[in-house]
Structures are given as C-alpha cells and as structure tokens.
Amino acid sequence: MQPHARDGWWVPLLYRLRLATRDPTTAIGLVLAALFAWLIVVPIASILLDAVQTQFGDARRTGGPVGSWTGYYLHRVFVSPIAVDMFWQPLWNTLAVAAGAIVISLLAGGVLAWLIARTDLAGRRWFATALIVPYMLPAWTFALAWTTLFRNRTTGGQPGWFEALGLPPPDWLAYGGVPITLLLALHYTPFVILLFGNALRRFDSQLEDSARILGASSGRIAWSIVLPLMKPALVSATVLIFAKCLGEFGVTYIVGLPAKFDVLATSLYRALYTRQTGVGGVLAGAIMLLGVVTLLVDAWFLREARRFVTVGGKGAMNRPSRLKHMRLPAFGLAAGMFIVGVAVPVLVLFLSTVMKVPGRFTLDNFTLDYWIGSELDTVALRQGILLTAEFWQAAANTLWIVGAASLAAGVMGLLVGYVVVRTPFRPLSVFVRQVTFFPYLVPGIAFAAAYLSLFAVARGPIPALYGTTWILMLALMSEQMPYASRAGISAMMQLGKEPEEAAQVAGAGWLHRMTRVVAPIQKGALVTGILLPFISGIKGLSLFVILAVPATDVLTTYSLRLVDYNYTQAANAVVLMIAALAWAGTLVAQKLTRTNLADGLGG
C-alpha cells in the first residue's frame, strides 16, 4: 500500500526500507560503494597524505614527529636543489616524449586509417587487423627488440646486432629520448588507426563529391571538410595517447635508464625503490593530476564536438576512393608499417633467443640452450627458460593472480551494472558508477604507488598485504574496474525488468534470479568483463613492478629481472611468451564475443 502525503516523514522512509529488504539491490549497492571506496578512494587518499605528512625516518629533516603535517616533500620535489633532476627534467622529458609520439602516431596512423577506410588499398581487409597487432603486444616488447638491435657498449654486456656487425650505433640512437619516442609512436599508431579509421568509415563521401563538383581541389577538401569533421577523433587520440604516455614505465626503464633519461614514471619508481615515500606521494599526485586534467580536456572536447555532426542514414555513402597509380606505393607503405611494427620486432626477439653470440648469423651460432638447455655458462640461470623453476612459478603466479583478479572484476562489473541500472536511489547509482571509473584517470604506476602506501603496513584489522598475492589481485581488479563496470552497465541498460519480474512472480529469490536469469542472459558482457582485464593484466608491467616481490613475480616482472641481470636471450624468450598469451587472449575474446577490434575498417 502506497504511503499518503499526510503521513509522517518516517512512513515513506519505512516504505523504501521495506522495498529494499524485498529486493536487496540497494543493500548490494551500499556494499559495493563501501568496498570500492576502500579499494580505490582510500589508497589514493593515503598516498596523497604521504606527500604532506612526515614519514618514518624523516623526523629530523622535517622538524616534526612522524605523522605531523609538513611541506618538506613538496619543497624537495618542486624547489630544492635536486628538484630539477627529481621532477622538472623528468616532467620535460615526459612532455617531450609524449608530444613526439603523438605527432608521429597521428601522421602515420592518420594516413594508414585513410588508406584502409577510404580507399581501394590492396589487401585492406587484412591490413585492418594486421596493423593493430602492435597495440595488442606489450609496449616494452619493442624496447627489448630495439636494444637487441642497437645496444652498444655504453652500458656493458653483450653487444647489439649492429655493433656485432661492425656498425656501432651512436648513444642517441641506442638509448634516450629518440628511441623512446619512436617506440611509443609505433605502439600507439594502431590506437590512431582504430579511432580515426572508425570516424572515417562513418564519413559520408557525398560531401567530398559535392565539393569536387564545386571545383575544390583534393587538398582543399581534406583541409576544409574532412579534417574539421575528424577533429573529435583526432583530439581523443591525442589526449588518450598523452594520458597513456604519463604512466608508461617499461619502455623508458629499458631504453632510457642506461642513458639516465628519466620520465615521471621512472622518477616515481626510483623514489619508491629508495624508500622516499613522501617524495613518491608528491610525484604520484603530480602524475594523477596530469592524468585527470588530460581526460577532463578530452571530455570537454567531446562535449563541444557534439555541436558539429554530419547528417547521415541510409542515404549516406562510403565509396572508396581509387588510388590509381598510387595503389602500389600505398600498399608498400602499409606493408612497410606491418614489417616495422610486427614482423621485425617479433623476428628479432625470436632469433636473439636462439643465438649464442648476438648478430652472428652462422649455423654453429644457433642453439636452443636458452629454451631447453642445461649447464649454461651463466651464474643465476643455469638452465633454459622452459626448464627453470622460477619461470614456471612466475607463469603460475600470472595465471592465478591475473585470472582471479579478472574473474572478480568481471563479476563485480556485472554487479555494478545491475546496481547502477536497477537501484531506485540515484545518488548511490552515480557514486558507484563514478568511483569504479576513477582508476581510469590514474596512471597505473601511480595507482600501484597508492596501494603500496595503504597496504605496506597493517591498518586496523587489515594486515600488511605487501609481499603477498592479495595486494596484486586487489590492485589489478580495482585498476580494471573501469572496463569491467562499463561492460556491465552497457549490458544491463539493454535488459528490461520483465525476465526478473516473471521469475519473481514465480517465487524466485534474488540470488536465484541473478544466477538463473540475469547471468545467462548477460554472459557476453560477463565474458568481456573477464577477458579484457585478463589481456591487460597479462601484458601489464607498471602495476606489478611496484607491488611484486621475487616470491610473487609474474611473467612481466620476471622478464624485467632477467633484463637487469643482462640475460638478454632469456628475457626475450619470456617476452615472446607474454606476447603470445596476450595475442591468444585477444583472439579468444573476439571469438567469444563475436567482435573484432578492426570491425568495419576494411569492410
């Protein structure tokens, strides 16, 4: 019975509580809100507090007891004599590398997207998938391939292939800003192809035809018609690549540190590695601020872009332009990009794993020792990778940690979607929706630093989790919630209440309705919410490099330790297997969800 307006204020409240007990959606939402506030908001708040509170061991420097408020770390990072090396130079390097990667990837990706989406390029359906493969591989795969080719004796150890062939590369080409920029551009060019290509596919070619009839040249059409309408896609690609460059760690660690080339991510890693927790809090806060501002700028541009749309429908046309005599050069450009971005890196990494001496292409120099050999002439790696217990332990840790976190993220994502769509309390819906998206605004290495700040010591009933697999699983699950929750929300918005109401009329309880009605209907969204975090976690490095210890090594951190030991062949073998897992996971995800990352580009 509905409450009357003349009843006391408590009557509507009791009525709502009675409804909540009958359908526990709101109660589940409150539990999810509390859980994600603890897993996402509290860690970030914890590391930001570290930036303004005296840390253990710094009492004499700050002049106050541990836990007291201080501006010491802010002064040390921003204005002290070492601020240039600690923050300002890494900030400049970050901005310079990101700007260079954005320019190169926009130019290369824009041209390739146009060739695939708007021309009669030979083999464009195949290129639509082949050219996005670099984005499916870990970014630092290309860094290892680069060092295998261009390493010189500046850092000691084995020479690169070019030096072994008598062509020693200069330092600026072997290490530092130039290779980092090129490698990040290579990795993010497929990102531009996807965004720009899908926008071009929806572009009505009749607009170009009308301009040609009026006498406009091809250059004028591109500059005055195509580019303005493609502005939202270009701006989104620019902003999102910049945001990803902020948290990129692996490429700079491998290619930059030998030349003492720091970006903000490696500067943060160095601060945490040397136990400068307060400094790490300041640096993590700066990275978070840049990430938030970047994505807010993207949101603003997208809102502005809604004012300018093309009118299309069944009458819209997407007629490919004929390349004519430029068809062969265009094919060569696309094939060259595939060779440089996929074939060469993978081939170089594989050949390096079966060579005793780098760059010597003689039959007696090839061996399988680094895969299945024994009694190797190395100190810490006496057997091939496939016979090494540490490798299999890291592989088991990877499958267990990433698998459990991905499964939890998928289930939580579906529950978040259910609560956001079904709860009658809008404030709860908004909070759960926004808090699960917040990790997307925080670069991975900063998010890992936040977890380290909160869970490195016991806090109340929660024990110290650092050094256990729990901290890795919780951090990975929370970091991947933006993707899992969006999959769940999108799916639940398309599911009406009728199936549940019919089950409820038949006497089914909430848990029975979820497991027998909602979950089977939404199995596609559930699979997506599990597989996307799994693929990302398999190739992820920034999160694990901060939180993993030798006992909890995953494949990515294990390969990085091999790089530190200068066991190049073994490290490259591990990276190849990581790339194979990421690639296989992507194919499985596309098969199960009946989707394709390149859908429509070559159609």
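1. Start with the lining of the second largest pocket. Sorted by class, this lining holds 21 nonpolar, ten polar and nine charged residues. Please keep in mind, as you read on, that the model you are looking at is a predicted one.

2. How big is this pocket? The second largest pocket has a volume of about 1,200 Å³. Among the 40 residues that line it, those closest to the centre are Leu272, Tyr273, Arg275, Gln276 and Leu452. If you want to find the place in the 3D view, these five names are what to look for.

3. Which elements build the lining? Two or more residues each come from helix 2 (25–50), helix 4 (72–78), helix 15 (264–273), helix 16 (277–305), helix 21 (444–455), helix 27 (542–547) and helix 28 (555–564). Helix 15 gives the most, with five residues.

4. Now look again at Arg275, one of the residues closest to the centre of that pocket. Arg275 sits in the loop between helix 15 and helix 16. Its backbone deserves a glance too: Arg275 has a positive phi of about 60°, although it is not a glycine. Is Arg275 buried or exposed? Its relative accessibility is 75%, so Arg275 counts as exposed, the cut-off for that word being over 50%.

5. Glu375 is another residue to check for its backbone angle. Glu375 is not a glycine, and yet its phi is positive, at about 55°. You will find Glu375 in the loop between helix 18 (369–372) and helix 19 (389–422). Why is Glu375 called exposed? Because its relative accessible area is 61%, and exposed means over 50%.

6. Next, turn to the surface. Which residues form the nonpolar patch there? The patch is made of Val103, Ile104, Leu107, Trp172, Val178 and Leu182, and together they have about 550 Å² of accessible area. Two elements give two or more residues to the patch: helix 5 (83–118) and helix 11 (177–201). The largest share, three residues, comes from helix 5.

Methods: Residues are numbered from 1 along each chain as its sequence is written. This is a predicted model: local features need pLDDT of at least 70, side-chain atom pairs count only at pLDDT 80 or more; totals for chains, interfaces and linings use all residues. Side-chain values use heavy atoms; hydrogens and water are left out. Patches are made of residues with over 30% relative accessible area and no salt bridge: like charges are joined within 9 Å, nonpolar side chains (Val, Leu, Ile, Met, Phe, Trp, Tyr) within 5 Å. Accessible areas come from the Shrake-Rupley method with a 1.4 Å probe; for residues, only the protein chains shown count as cover. A salt bridge is a side-chain nitrogen of Lys or Arg within 4 Å of a carboxyl oxygen of Asp or Glu. Helices (H or I, at least four residues) and strands (E, at least two) are DSSP runs, numbered from the N terminus. On a 1 Å grid over the protein atoms alone, a cavity is a set of points where a 1.4 Å probe fits but cannot get out, and a pocket is an open set with protein on both sides within 12 Å along at least five of seven lines; lining residues have an atom within 4 Å of a point. Grid points are joined across faces, edges and corners, and a volume is the space filled by probe spheres set on the points. Ala, Val, Leu, Ile, Met, Phe, Trp, Tyr, Cys and Pro count as nonpolar, Asp, Glu, Lys and Arg as charged, and the others, Gly among them, as polar. Buried means under 20% relative accessible area, exposed over 50%, partly exposed in between (1.4 Å probe, protein chains only).
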